[in-house]
Amino acid sequence: MVDWTAAGVDVTKPALARVYDYMLGGSLNFPEDRALAERIAKVGPFREMARLNRHFLRRAVRFCVESGVHQFLDLGSGIPASGNVHEIAQESNRESRVVYVDHDPIAVAHSEVLLADNPHATVLRADLRDAEAVVSHPETRALLDFGRPIALFLLGVVQYIPDSGNPAGLIARYADAVAPGSLLAMTHFTSRNMEEEMAAAVEYFAETAAPITLRSAEQITGLLGALEPVVPGVVLTAKWRPELGGPPAADPERSGHYAVVARKR
């Protein structure tokens, strides 16, 4: 068993990847992570939101593969859970290639174990906000061919980048690095139909190292720059191409995330 304290992990402060892991029923979390998750879960359907976000990931991967995109750069990938990007993509094409990126040492360590025998997938411990470092990393370049389309995934992470952090500029830097025909899949917290619940979540996350910024559908569309949303555009996660699979939502109007897939022309 790994001594995470000895490895430099501060288990006294909640971490986003571990809170999300707990929401999904995982075990790679600590008391402070669970305490924050339980506080949030008491004010709204945040476990359901996490589940719907995960189901969107699976549908988005299938859409990318069906669109002929078999390379993935999953930014802020988090702690591995059932139905990871590489698992879904490689079901359809064993040659699909995936680079996961996260700065959480627990997420990275367990991803390394999961991917140890997979020559077409790897994980980087890096800050996704440094697009140039991620894109130019030798492992990224060794696995992904930037002359062919790549699917960029930013699921549930852009809400942690404030306006002062220029999220639109960050997305543009990644988009500029990939070939035409590439896709971007993104989910983002929204207060639509959940004003009180999200107001409470904003207060709770303000106590962590990653406060959240809520954005409207129009603001999320603005973050995409020149990328063109595919049908149905920016919608609640439960409403993004449900025909591609996954169990139905308890209440699609209270998904808690907007979802979008956009294409680079």
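Q: Where is the place of Arg241?
A: Arg241 is in the loop between β7 and β8. Strands here are DSSP runs of E with at least two residues, helices are runs of H or I with at least four residues, and both are numbered from the N terminus. Keep in mind that this is a predicted model, where local features need pLDDT of at least 70 and side-chain atom pairs count only at pLDDT 80 or more, while totals for chains, interfaces and linings use all residues. Residues are numbered from 1 along each chain as its sequence is written, and side-chain values use heavy atoms, with hydrogens and water left out.

Q: What's the phi of Arg241?
A: Phi is near 45°, a positive value in a residue other than glycine.

Q: Which parts does the pair of Phe63 and Trp240 tie together?
A: Phe63 lies in helix α3 and Trp240 in the loop between β7 and β8, so the pair ties together parts that are 177 residues apart in sequence. Both Phe63 and Trp240 are buried. Ring pairs also link Phe56, Phe63 and Trp240 into a cluster.

Q: Changing topic: how far apart are Glu132 and Arg241?
A: They are 109 residues apart in sequence and 32 Å apart in space, C-alpha to C-alpha. Glu132 is found in helix α6, residues 131-136, and it counts as partly exposed at 45% relative accessibility.

Q: Where does Asn193 lie, and what is its phi?
A: Asn193 lies in the loop between β5 and α9. Its phi is positive, about 65°, although Asn193 is not a glycine. At 34% relative accessibility, Asn193 counts as partly exposed.

Q: Which residues does a cis peptide bond join?
A: A cis peptide bond joins Val231 and Pro232, with omega about 15°. Pro232 lies in the loop between β6 and β7.

Q: What about His188, buried or exposed?
A: His188 is buried, with a relative accessible area of 0%. Its place is in strand β5. Not counting residues up to four places away in sequence, His188 touches a set of residues including Val158, Thr213, Ile220 and Tyr258. Contact means heavy atoms within 4.5 Å.

Q: How many residues of helix α1 are buried?
A: Six of the eight residues of α1 are buried, and the helix is mostly covered. The buried ones are Ala17, Arg18, Val19, Asp21, Tyr22 and Met23. What covers them includes α2, α3 and α5. Just after α1, Gly25 takes a positive phi of about 90°.

Q: What volume does the largest pocket have?
A: The largest pocket has a volume of about 1,200 Å³. On a 1 Å grid over the protein atoms alone, a pocket is an open set of points with protein on both sides within 12 Å along at least five of seven lines, a cavity is a set where a 1.4 Å probe fits but cannot get out, and lining residues have an atom within 4 Å of a point. Grid points are joined across faces, edges and corners, and a volume is the space filled by probe spheres set on the points.

Q: Which residues lie nearest the centre of the largest pocket?
A: Of its 47 lining residues, Ala15, Leu16, Ala17, His103 and Tyr160 lie nearest the centre. Helices α1 and α3 each supply at least two residues of that lining.

Q: And how many cavities of 30 Å³ or more?
A: The structure holds three cavities of 30 Å³ or more. β5 and β8 each supply at least two residues of the lining of the second largest cavity.

How values were computed. Buried < 20%, exposed > 50% of the residue type's maximum accessible area, 1.4 Å probe, protein only. Phe/Tyr/Trp six-rings, centres within 6.5 Å; stacked < 30°, edge-to-face > 60°.
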